[in-house]
Amino acid sequence: MKKFILLITVVIVTTVNISFAQVLLPTYSGDALRFSQTNYGSTSRFKALGNAHIGTGGDISSLSGNPAGLGLFTKSEFTLTPEFNSTNADANYLNNKSKTNKSQINLNQIGAVFFTPFYKQKGDNINKGLISASFGLGYNRNNDYGISADYNGVNTTSSVYNMFDGDNALTKGNNQSGNISRSGSISEFNVAGALNISNQVYVGGSIGLIDLRFMNDISLFEKGTVENYNVGYFQNQDTKGSGVNARLGIILRPINELKLGLNIQSPTWFNIDDSYVVSTDNNAIDENIYDFSYNLKTPFKGSFGASYVVMQKALISADVDFIDYSTIRFSSSNGGNLTQINQNNIEVKNNFKSAINYRLGLEIKASNLISLRGGFGLNGTPYKDDDNNIFETKFYSGGLGYRNGNYSLDLAYQKVQTNSTFSPYLLNDYKEPVAEVKNTNDNVFLTLGLRF
């Protein structure tokens, strides 16, 4: 289990003891994984369909999914999607359980697609050759890092003082409590275009400009039960970054009811600035600030999807992604520490592997105006040693849609379940306590659409 501590927090890998003074060097492979595990930004329609849209198209979600899907537009369209997020964390620390909740409102998506038909001379077959082009631009919030988890318990085997003074520490018994609080997101601004060829072949491409912000604050308060002492230990991380990626996609329509989609997403090339601060409230160590700038290349993502319309009354869609997380790579920025860069690349190779994600969706047309939807998705575990798939992520979703003429209103509910671990401090013998956290996100999305 301790191998997965890096999933949720920056861990300490190098410790030099000089009395109560330390040099603490964080590792960044866990952050690299977090920043590589992005989901598709989409409207409420495809949120409700489990985000299975690689082979569907005709929705502004194609901006950050398969850009070839823009080729299925027959009108211009504007959409806006606010969201409400409620995050619940169930933590088990030293055999003591606690629950924490955090809620927030965000803008999930906003964008527009502009449809342009190609001119056909009189007598030409309007269903052959280049039929139309579509151009789109929009903003998507792909990952949300907001979470708050309280933890507490009685520790009879170790103390945070073991970090500072080895075995000469107050380990007879203590009460430990604290909180991990994370915030931030990965958001994306996309520019995309697509062509419709004979209503059978749709090709498209996009460029994504990425903005990254991540804050991670961990507090530990320890009170002696045998010896009379109190100490607070704090880790504060503030990460900012920007990046760029590209997508190239195609959708084939061999028959009117069936569409097959393929999308290749390039790595995101990030430049990241990180500030990491450790401190105590009783001067056990001096405050240490570590500023580190680095470049990060995330993995390629290959996606295949298919959709089928049943008797003009139902849509079935399915997607699969392939991602090799072992190909994450760090490189130096502004003369960064090459030893630290190389160490993190080694950790990536040793701990991460390729993963398969899949998504399923069903839409039923209840009437000419109302559609009912449901979906499921699973992001495979990225860890080599996670034989029980503890760290896979599951998505459950449902919703309904209303369309009347050029106006549409779509509502979606999405439940996201995943597991994570963290430790408020690390010891040389790896006997520090570990909090196991079950995270459940209840998200509600509302999309307003206007065709013009």
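Which residues lie nearest the centre of the largest cavity? Asn39, Asn143, Asp144, Thr393 and Val416 do, out of 47 residues that line the largest cavity.

A word on the model. It is predicted, so local features need pLDDT of at least 70, side-chain atom pairs count only at pLDDT 80 or more, and totals for chains, interfaces and linings use all residues. Numbering runs from 1 along each chain as its sequence is written, and side-chain values use heavy atoms, with hydrogens and water left out.

Now the search. It covers the whole structure and finds 5 cavities of 30 Å³ or more. A cavity is a set of points, on a 1 Å grid over the protein atoms alone, where a 1.4 Å probe fits but cannot get out; lining residues have an atom within 4 Å of a point. Volume is the space filled by probe spheres set on the points, joined across faces, edges and corners.

The largest cavity holds about 1000 Å³. Its lining has 12 nonpolar, 26 polar and 9 charged residues. Asp, Glu, Lys and Arg count as charged; Ala, Val, Leu, Ile, Met, Phe, Trp, Tyr, Cys and Pro as nonpolar; the others, Gly among them, as polar.

Next, the second largest cavity, at about 180 Å³. It is lined by 20 residues, with Ser36, Thr38, Asn245, Gln265 and Thr268 closest to its centre. Two or more lining residues come from each of α1 (29-36), β7 (174-197) and β9 (230-255). These are DSSP runs, numbered from the N terminus: helices (H or I) of at least four residues, strands (E) of at least two.

Technical notes
1 Å grid on protein atoms, 1.4 Å probe; cavity = no way out; pocket = protein on both sides within 12 Å on 5 of 7 lines; lining within 4 Å.
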